[in-house]
Amino acid sequence: MKKTAVIMGSDSDWECMKATVEMLKEFGVPHDVRVVSAHRSPGAVREFALGAAETGFGVIIAAAGGAAHLAGVIASMTTLPVIGVPMQTKLGGIDSLCSTVQMPSGVPVATMSIGDAGAKNAAIFAVQILALDDASLAKRLGEYKVNLAESVVEKNEKVRKDLK
Ligand code: RP5
C-alpha cells in the first residue's frame, strides 16, 4: 500500500493532527509525519513535494493555520492528491479555511473542515482514495460505516431513555 504523508506547518498544529495519525493507524495505513513551513522553510516544502511520489506516498495531508498556504503550495508541485486541513486560530480558523480552500483553477486542494473534525476526516478521505485499488482497505471502510451507524442507534436509545 502507498504511504500517506501527514505534513504540518508548525509543531503547534501537532496536537490537532494527532487525530489524523490515530485514524490512519486504526485503518493500518502506513504514514509519515513531518513539519515543514511554506513561509519559514519553503526549500524543504519544495524538496518534499517534488520527491513525494517517488518516495512512495500516494496521498498528502497538509495542515496549516492563518495564512495557510502549505497545502496549496504542495499541490502546485505534485500530481498526488492533496488534502488540506485548516487549523483553528485566534480568528476561529476561517482565515485558515479560506487560505486552504480558495485555490486557483487547475490546482485543487481537497479541503476539510476546521480543526479536530477536519483532522479526522482527512485521514478517512485518504483511506477512501487508497481503498479505490485496495479491496481489504475498502472492506475496513465498509465496517467503519457499519460501526458509525451502530453508534447512532446507541445515541438514539440514550436520548429516548431520557424521555421516560
Ligand atoms: C502556520 O502558522 C502553522 O501551520 C501554524 O498553524 C501557524 C502558527 O505557527 P507557530 O507560530 O505556532 O509556529 O504556518
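Colleague: Is the crossing of α5 and α6 left-handed or right-handed?

Modeller: The crossing of α5 and α6 is left-handed, a label used if the near helix is turned anticlockwise from the far one by less than a right angle, with right-handed used if clockwise. This is a predicted model, in which local features need pLDDT of at least 70 and side-chain atom pairs count only at pLDDT 80 or more, while totals for chains, interfaces and linings use all residues. Residues are numbered from 1 along each chain as its sequence is written, and side-chain values use heavy atoms, with hydrogens and water left out.

Colleague: At what angle do helix α5 and helix α6 pack?

Modeller: Axes are lines fitted to C-alpha atoms, for helices over the stretch in contact, and angles run from 0 to 180 degrees between N-to-C directions. Here α5 (residues 116-130) and α6 (residues 135-163) pack at about 140°, with their axes 9 Å apart. That makes α5 oblique to α6, given that angles under 35 degrees count as roughly parallel, over 145 as roughly antiparallel, 65 to 115 as roughly perpendicular and the rest as oblique.

Colleague: Which residues meet there?

Modeller: Contact means heavy atoms within 4.5 Å; on the α5 side K120, I124, V127, Q128 and L130 meet L137, L141 and Y144 of α6. The residues of this contact divide into six nonpolar, one polar and one charged, where Ala, Val, Leu, Ile, Met, Phe, Trp, Tyr, Cys and Pro count as nonpolar, Asp, Glu, Lys and Arg as charged, and the others, Gly among them, as polar.

Colleague: How do the axes of α1 and α5 cross?

Modeller: The axes of α1 and α5 come within 7 Å and cross at roughly 30°, and the two helices are therefore roughly parallel to each other. Their crossing is right-handed. The contact is made by C16, M17, A19, T20, M23 and L24 of α1 together with D116, A119, K120, A123, I124 and V127 of α5, and by class it has nine nonpolar, one polar and two charged residues.

Colleague: In what order do the strands form the sheet?

Modeller: Two strands pair if DSSP finds at least two bridges between them, and the five strands here form an open sheet in the order β2-β1-β3-β4-β5, with parallel pairing. The edge strands, each pairing on one side only, are β2 (31-35) and β5 (110-111). Strand β3 (residues 57-64) pairs with β4 (residues 82-86) over five bridges, and A63 stands opposite V85 in β4.

Colleague: Which strands does helix α1 lie across?

Modeller: Helix α1 (residues 14-26) lies across β1 (3-8), β2, β3 and β4, running at about 175° to β1, whereas α2 (residues 42-55) lies across β1, β2 and β3, at about 145° to β3.

Colleague: How many helices and strands does the chain have?

Modeller: Helices (H or I, at least four residues) and strands (E, at least two) are DSSP runs, numbered from the N terminus, and this chain has six helices and five strands.
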